[in-house]
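Have a look at the structure first, then read on.

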Amino acid sequence: MITADSLAAAHAALRDRRPLVHNIISAVSANFAANVLLALGAAPAMAESPDEVGSFAAVADTLAVNLGMITPPRAEAMRLAAVSADKAGKPWVLDPVGAGGIADRARFARELCLLRPWAIRGNASEIMGLVGEAGGGRGVDAGSGSGDALLAARRLAAETGAVVAVTGAVDYVTDGGDAVALENGHPLMTRITAMGCAATAVVAACLALDADRPRAVAHALSIVAVAGEMAAAAARGPGSMQVEFLDALPRIDCGRLRARQGGAAAGG
Amino acid sequence: MITADSLAAAHAALRDRRPLVHNIISAVSANFAANVLLALGAAPAMAESPDEVGSFAAVADTLAVNLGMITPPRAEAMRLAAVSADKAGKPWVLDPVGAGGIADRARFARELCLLRPWAIRGNASEIMGLVGEAGGGRGVDAGSGSGDALLAARRLAAETGAVVAVTGAVDYVTDGGDAVALENGHPLMTRITAMGCAATAVVAACLALDADRPRAVAHALSIVAVAGEMAAAAARGPGSMQVEFLDALPRIDCGRLRARQGGAAAGG
Amino acid sequence: MITADSLAAAHAALRDRRPLVHNIISAVSANFAANVLLALGAAPAMAESPDEVGSFAAVADTLAVNLGMITPPRAEAMRLAAVSADKAGKPWVLDPVGAGGIADRARFARELCLLRPWAIRGNASEIMGLVGEAGGGRGVDAGSGSGDALLAARRLAAETGAVVAVTGAVDYVTDGGDAVALENGHPLMTRITAMGCAATAVVAACLALDADRPRAVAHALSIVAVAGEMAAAAARGPGSMQVEFLDALPRIDCGRLRARQGGAAAGG
């Protein structure tokens, strides 16, 4: 289980060790994800050319692959980057954007799962789509609640060896066995585009700094969720929410953490 | 004619019915347009691969096609998406970015006009460029005032069957006959990139919810313009303008609406 | 040397003469760079298709080429746009993003240097990478301090004929001979993505309005740095920093300028 103290240590490590996070990410999310990483003290890089991405595994500390706005050349870059990260023994994280509502995305996401991601982060319908369940997503939407996807998340974790995170009103993190439920966050976070994509980037950053993978993923999601609820308390709408969120990231109040063992309730 | 009451109903419908808006849009505008839609309660999706866009017409409620930063693969995606939307009987909107100053853009925009857009939204020089008039635009700039383009807008509407909107200090909406003039807005809106692109996305969203097309377009532009003048009253510059605009969108004051029959004055 | 008065004149010229700046720039930076130009009163255009960019030299006043997130089609567009600008006698500026840490970027940046850029702006490791020195950059990071790159900057200026700017805690501008050191700015500027890319866009804008190239570059960097330190004084974190920066740009306090002849100290 993570605690306020372990969260504070993970947060400080981002600032002090400044991991270089290579993101292959959509045009809609690139700027926000980069700013989230910078706000935490991490360093973003966004190269996406098939020519370049293979060499990034040598220099970057970690990789986040995001299927949003995918095109054939970017899909090729994702394959190459994931293979390179895997060969270099560096963490890589899959964000299967749209795998809940778009059949080809689910197919490609499953192909990438064979390249041994350390973690997979998606909303309920994306995680359900990855194991062939209908999660009710439309386009890139969540459809179902995160708890509904917990069994799918466990199955996906068991099949792929990845830590799987389902984010929503409650976030769940599982390595196939028990799950942790993370209860921070605020509904206003869903009114800003790229919040999930940014969370994936932070997951990649934390995996570079902590050998305990489920814990690293839980810390990352909690950093985002705690900043989100601090921001919502100060925001007057979705515009100031974005500003307050970036302002909160460097100085989150770790005492706000609400984490619990989530297996029983969520699977029941 | 639209009224404060009809505007309030259109605004509430976006939040309550949450239309899924498929945007094919430039990297410069994607994030802002997505955040504008989310602020209003609508759901954005930004797929742009020729492989994927055809299937989006089955799931999205409406489509916005924006020529900014066009490339050959994205042009192909625009064609496929427009054809799919047309076949599925779903609304689609054309934003002919740069058609006022770039000959190839005007040519491609005219090609897309043959695919029966429900609405076309542009600045004066873009609308004039679409009917072969010189509107004095440089690059993606407006050049002329919106009133100068009203005759071009009527002609374009008559030729294409689309509702045509010319935006500027005053926005005009016409289906080829009479025009409505919308007088809300603020000059500070022109100091934020992607404001016009975001307006087009809102036009697409409103067309999904109201069978009266000219009314839907007028509501969409008024939502953006009223939020813009509310934001300008609170902003200290173009940075806070962007924040205040997103904050204002969910809670616009519909009583601020200033709409009038615009045919006589503007065409005179 | 630049002065508070010359800075004020350069700043007013941007607003009054509204140069049209064509940017070929990454998805992570496009929106922020466009908003920075608009905040100053300049006009951005972001076309990036090889089909279109050649014709932009006829209409745009100046060009900024930014290697971030480069792909083969965008590299081709950069070549075509630079050739067109050079033929048309219009300014163009190179931003060699990543040339410090990625060998292929340095190679391509050197190729573009043969197309006679009027200015080159990079961080220390990028400028050092362009002359074949190891500057310790990882990915797109700076690695070294800007002063360490001053000799490299002079050599690059002498070899290419471009004014070379190395930005960092202190910014240096040199035409191969003496250098100017610009001491405005704030560390919080490094916590916002695309700040350097936006500075390059402003360099391009200022070069369109002033025949004295080193002075134009120094004015551009000072506009950005003065706005940055004004913003940092008002910001509560990296989110509000971005807002305050855009708000400060139209009303910078030119009396804050801290410029000095930088050759002796920096080269010593």
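Let's start in chain C, where nine strands form an open sheet with mixed pairing, in the order E2-E1-E3-E4-E5-E6-E7-E8-E9. Strands here are DSSP runs of E with at least two residues, helices are runs of H or I with at least four, and both are numbered from the N terminus. Two strands pair if DSSP finds at least two bridges between them. At the edges sit E2 (43–45) and E9 (259–261) of chain C, each pairing on one side only. On average, neighbouring strands of this sheet are turned by 20 degrees against each other, direction ignored; the axes behind that angle are lines fitted to C-alpha atoms, for helices over the stretch in contact, and angles run from 0 to 180 degrees between N-to-C directions.

One pairing to zoom in on: E7 (residues 171–174) and E8 (residues 179–182) of chain C run antiparallel and share four bridges. C:Thr174 has C:Ala179 in E8(C) as its bridge partner.

A word on the model itself: it is predicted, so to speak of local features takes pLDDT of at least 70 and side-chain atom pairs count only at pLDDT 80 or more, while totals for chains, interfaces and linings use all residues. Residues are numbered from 1 along each chain as its sequence is written, and chains are lettered from A and ligands numbered from 1 in the order in which they are written.

Now for how B and C meet. In all, 26 residues of chain B are in contact with 28 residues of chain C, contact being C-beta atoms, placed from the backbone, within 7 Å. On the chain B side, helices H2 (30–40) and H10 (238–248) each give two or more residues, and H10(B) has the largest share, with four residues. By class, that side looks like this:

| Class | Residues counted in the class | Side of chain B touching chain C |
|---|---|---|
| Nonpolar | Ala, Val, Leu, Ile, Met, Phe, Trp, Tyr, Cys, Pro | twelve residues |

What rotation superposes chain B on chain C? It's 120 degrees, with 0.0 Å of shift along the axis and an RMSD of 0.0 Å, which is the relation of a three-fold axis. B:Ala27 has the chain B C-alpha nearest the axis, 3.0 Å from it. Only 12% of the interface residues of chain B are also interface residues in chain C, so the copies meet through different surfaces.

How values were computed. Contact = placed C-beta atoms within 7 Å. Least-squares fit on C-alpha atoms with pLDDT ≥ 70 in both.
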